[in-house]
Every structure is written in structure tokens, then in C-alpha cells.
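Open the model in your viewer and keep the selection tool ready. We will go stop by stop.

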Amino acid sequence: MTPALEPLRRIAAYAVCTDPEDRVLLVRASPRSGTPGVWSLPGGAVDHGEDPQHTVVRETAAETGLSVTVTGLGDVLADMRSLPHRGVTIHTDRVIYRASVRGGTLGDRIGHPTDLARWHTREEAKGLPLRPFTASALGLTPDRLDLRPDEAPEFPSFHAVPGPDGLHRAQRFAAYAVATDPARRVLLTRIAAGYPGAGRWHLPGGGTDYGEQPGAALIRELHEETGQAGRLMELLGVASHRDAASLGPEGYPIDWHGVRAFYRVAVDAPAPIAVGDVGGSTCDARWFAPEELTALAADALTEVTAEAVRAARLR
């Protein structure tokens with residue numbers, strides 16, 4: 001049994017960066033980290049309000065001395081990791097990007113949480129102790145290096161804490177569906193009164209639970225909000241949005257930062273719509289034919305919905 005530890009959540013971004021010989025860039029954890037000697041992708045925690053694409057560029061430069069540019073989105077993964085020496089269990093939502101080097105000089109960082117940065121072939125990487133998320137991102141079999149809690153602790157998907165300026169702030173990871181049926185209709189939900197964006201049409205989905213993978217969370221939320229059974233198809237994108245003084249049912253301003261993964265989901269056999277989120281943030285749901293979706297005014301959709309619909313080439 002692992003000891004009772006304080007649950008924490010964070011969002012992080014990492015780069016799968018390859019060179020012309022198809023070697024991958026990896027960094028080694030130093031004795032200052034919880035897993036000394038273990039290798040991982042360069043990257044780290046997303047600061048409040050920061051776009052994960054900016055995080056991965058910033059963190060890769062700090063850890064390796066190389067300037068990179070993001071060339072594409074790879075995957076979104078989640079994991080739990082217990083760190084008894086710190087007294088915490090951490091759930092991390094990890095956004096994995098593809099990246100290429102623009103310049104710089106590879107360098108070591110003595111005295112930092114990561115101390116070495118090296119290029120490795122995939123075959124060499126197989127022989128290294130790799131963080132499980134790194135192995136998964138590289139298509140390798142993950143080692144059981146991380147200590148996991150016996151069960152996911154109770155922790156709200158929305159958790160506001162006092163910020164350095166005295167204003168409460170919250171960073172939340174969520175997953176949403178661009179859900180379509182065989183007739184190519186798109187399923188949208190309407191935001192209830194009292195919530196940010198009230199009255200606008202939104203994607204079905206919401207905050208992921210502690211210990212939950214984004215895809216599983218999305219299928220669960222789709223059924224809870226609309227009564228539909230969905231089939232996960234593909235990851236379309238990741239959006240980042242900050243509202244520095246969001247006002248919701250809490251009744252006080254919150255500096256809100258949302259990072260949202262959106263997926264294409266197929267609803268093969270549409271069921272009668274049933275909004276199960278009674279008294280929550282969803283007050284209505286309906287199917288939109290392609291021409292109806294196109295006819296909606298720009299301000300009738302939430303920002304993430306408009307971005308996801310464009311990515312899915314549905315509007």
C-alpha cells in the first residue's frame with residue numbers, strides 16, 4: 001500500500017524532436033529529481049495562462065540549449081505518479097508535440113532537475129530507463145518505473161486556489177467531442193445560465209477526472225450530457241484559452257486557464273437526446289445539419305467549438 005499522499009494535478013507539454021538521422025532528443029533526470037537517471041522527452045509544466053505550444057519551446061530550450069519549432073500534435077496522455085519523498089501524488093495531463101530544431105547548441109545542466117541532453121536512436125532508447133509516457137510517445141513498451149497510487153484519490157476537475165495577486169486562479173484540463181452521426185450532423189450542447197459563455201453552443205465534454213485518460217473521459221461526458229454512445233476516432237487538436245476574470249456560479253472572479261483536447265467522435269446509432277447534467281453547465285443539446293452549422297453566427301459558438309469545427313472541416 002502506498003501512503004496517503006496529497007493529490008496534485010498539473011498540465012505539461014513535451015517534444016518528440018528528431019534529427020535527419022531519425023535520432024530522438026532525450027533528457028536525463030538528475031539526482032535533484034524524483035527519478036534520477038531516468039530519461040524522458042524534453043518539456044515540462046504549463047504555466048498558468050501559457051499555451052502548451054509555447055511551453056514545449058520554452059522548456060526544450062531550457063533543458064537542452066536548442067531552439068525548436070512545433071511541427072504538429074502527436075498525442076495527449078495522462079498518468080498518475082506517487083512521490084512519497086515529496087508527500088504527493090500527481091496526475092499529469094501531457095500534451096505531446098512533434099518538433100524540429102531551429103538552432104542552438106546542445107548542452108548539459110549540472111545542478112538542475114535534468115542534467116544531460118542527448119540524441120539517441122530508437123534502438124538505443126529501448127535500452128534506456130524511460131519514463132512511461134516517453135516510451136508510449138515513442139511507440140515503445142513502457143517500463144513500470146513510476147510508483148502509482150493504489151486508487152485514484154478524490155480531487156475535483158475544477159480546483160481554484162488563491163493566486164499571487166490575490167485573485168483565485170484555476171487551471172483545468174478537459175476533453176471535448178466533435179461528434180457526428182451517419183448523416184454528418186454535428187452534436188452541440190448549450191451552456192446554461194450562470195456559467196461563462198451562457199447561451200452559446202458548445203462541444204459535448206468537460207473536465208477529466210483524476211487518473212482518467214482524456215479519451216475515456218470524453219466518451220463518459222458525451223453519454224452523461226447527451227445520452228449518446230460514441231466511438232473515438234482521432235485527436236484533432238489542443239486549444240488553450242485564458243479568461244483573466246471569469247465569472248461563474250462561484251460568484252467571484254476567477255483567473256481561468258483551460259487546456260482542451262478535442263477529438264473526432266462517431267455516433268453510429270443516435271439515441272434520443274437526454275441531457276443528464278441537470279442543474280449543471282449544460283441546459284440543452286441538439287444535432288445540427290451541416291448547413292445549419294454554417295448558418296450560425298460566429299458569436300453563437302464558444303471559442304473552442306469554433307476552432308474544433310474548423311479543424312474538423314465542418315464549417
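Select strand β1, residues 6-17. Three bridges join β1 to β4, and the two run antiparallel. Strands here are DSSP runs of E with at least two residues, helices are runs of H or I with at least four, and both are numbered from the N terminus. Two strands count as paired if DSSP finds at least two bridges between them. Now pick A12: A45 in β4 stands opposite.

This is a predicted model, where local features need pLDDT of at least 70, side-chain atom pairs count only at pLDDT 80 or more, and totals for chains, interfaces and linings use all residues. Residues are numbered from 1 along each chain as its sequence is written, and side-chain values use heavy atoms, leaving out hydrogens and water.

Widen the view. Four strands form an open sheet in the order β4-β1-β6-β5, with mixed pairing. Its edge strands are β4 (43-45) and β5 (66-83), and each pairs on one side only.

Next, select β2, residues 24-29. Six bridges join β2 to β7, and they run antiparallel. Click V27: its bridge partner in β7 is A117. Three strands form an open, antiparallel sheet here, in the order β3-β2-β7. β3 (39-40) and β7 (114-120) each have a single partner strand, so one side of each is left without a neighbour in the sheet.

Last stop: helix α4, residues 214-226. Colour its buried residues (under 20% relative accessible area, 1.4 Å probe, protein chains only). Among them are L218, L222 and E225. Seen down the axis, the buried residues of α4 fall within an arc of 155° (directions from the helix axis to the C-beta atoms), so they line one face of the helix. Just after α4, find G227, with a positive phi of about 80°.

Terms used. Expected span 1.5 Å × (residues − 1). Buried < 20%, exposed > 50% of the residue type's maximum accessible area, 1.4 Å probe, protein only.
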